[in-house]
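Trainee: Could you take one part of this protein and walk me through it closely? I'd like the cut-offs along the way.

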Amino acid sequence: MLQLTLCLDSGGEKPLYEGLASQIRSGVLKPGDRLPGKRALAGQLAVAVNTVDAAYQMLVAEGYLEARQRSGFFVLESGGFPAVEAP
C-alpha cells in the first residue's frame with residue numbers, strides 16, 4: 001500500500017479532495033497506486049473519517065479513483081486530464 005506523506009494540509013483552505021486530485025494530476029500519485037484506508041488517512045491528517053470518505057467518493061465520481069470492494073481505492077489512468085505541476 002502507498003504510504004501517503006503528501007503535502008496535504010488538513011487545516012488549509014482547499015478541500016481534501018482537491019489536494020488529492022492535484023497530487024494525481026501532477027503525477028505524485030500514479031495510476032495503479034493504492035491509497036491508504038480511510039481510517040489510516042484520517043488519523044494521519046487528523047480529520048474525520050467522513051471527511052476522507054467524502055473526498056474519496058468525490059474522486060471516484062470524477063474518474064480519478066476506482067473503489068475495489070475489500071481492496072480499497074486505486075488511482076485510475078488520468079485519461080484526458082492535463083498534467084499540472086504541484087505548487
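Which elements do the buried residues of helix 1 pack against?

Mentor: They pack against helix 2 (38-45), helix 3, strand 1 (65-68) and strand 2. A quick caveat before the details: this is a predicted model, where local features need pLDDT of at least 70, side-chain atom pairs count only at pLDDT 80 or more, and totals for chains, interfaces and linings use all residues. Residues are numbered from 1 along each chain as its sequence is written, and side-chain values use heavy atoms, with hydrogens and water left out.

For orientation, the protein has three helices and two strands, in the order α-α-α-β-β along the sequence. Those are DSSP runs numbered from the N terminus: helices are H or I with at least four residues, strands are E with at least two.

Now, helix 1 covers residues 16-25, and seven of its ten residues are buried. Buried means under 20% relative accessible area, with exposed over 50% and partly exposed in between (1.4 Å probe, protein chains only). The buried ones in helix 1 are Leu16, Gly19, Leu20, Ala21, Ser22, Gln23 and Ile24. Across the protein, buried residues make up 30% of the 87 residues. After helix 1 comes glycine 27, with a positive phi near 95°.

Leu20 turns up again in the largest nonpolar core: of its 17 residues, Leu20, Leu35, Tyr56 and Leu65 touch the most other members. Helix 1, helix 2, helix 3 and strand 2 are the elements giving two or more residues to this core. A nonpolar core here is a set of buried Ala, Val, Leu, Ile, Met, Phe, Trp, Tyr and Cys residues joined through side-chain atoms within 4.5 Å.

A search of the whole structure finds one aromatic pair: tyrosine 56 with phenylalanine 73, tilted, at 4.7 Å centre to centre and 50° between the planes. The two sit 17 residues apart, tyrosine 56 in helix 3 (residues 49-61) and phenylalanine 73 in strand 2 (residues 72-75), so the pair links distant parts of the chain. Both are buried. For the cut-offs, rings of Phe, Tyr and Trp (its six-membered ring) pair if their centres lie within 6.5 Å; planes under 30 degrees apart count as stacked, over 60 as edge-to-face and the rest as tilted.

Finally, contacts: heavy atoms within 4.5 Å. Of the contacts in the protein with a separation of 6 or more, 55% come from residues 24 or more positions apart.
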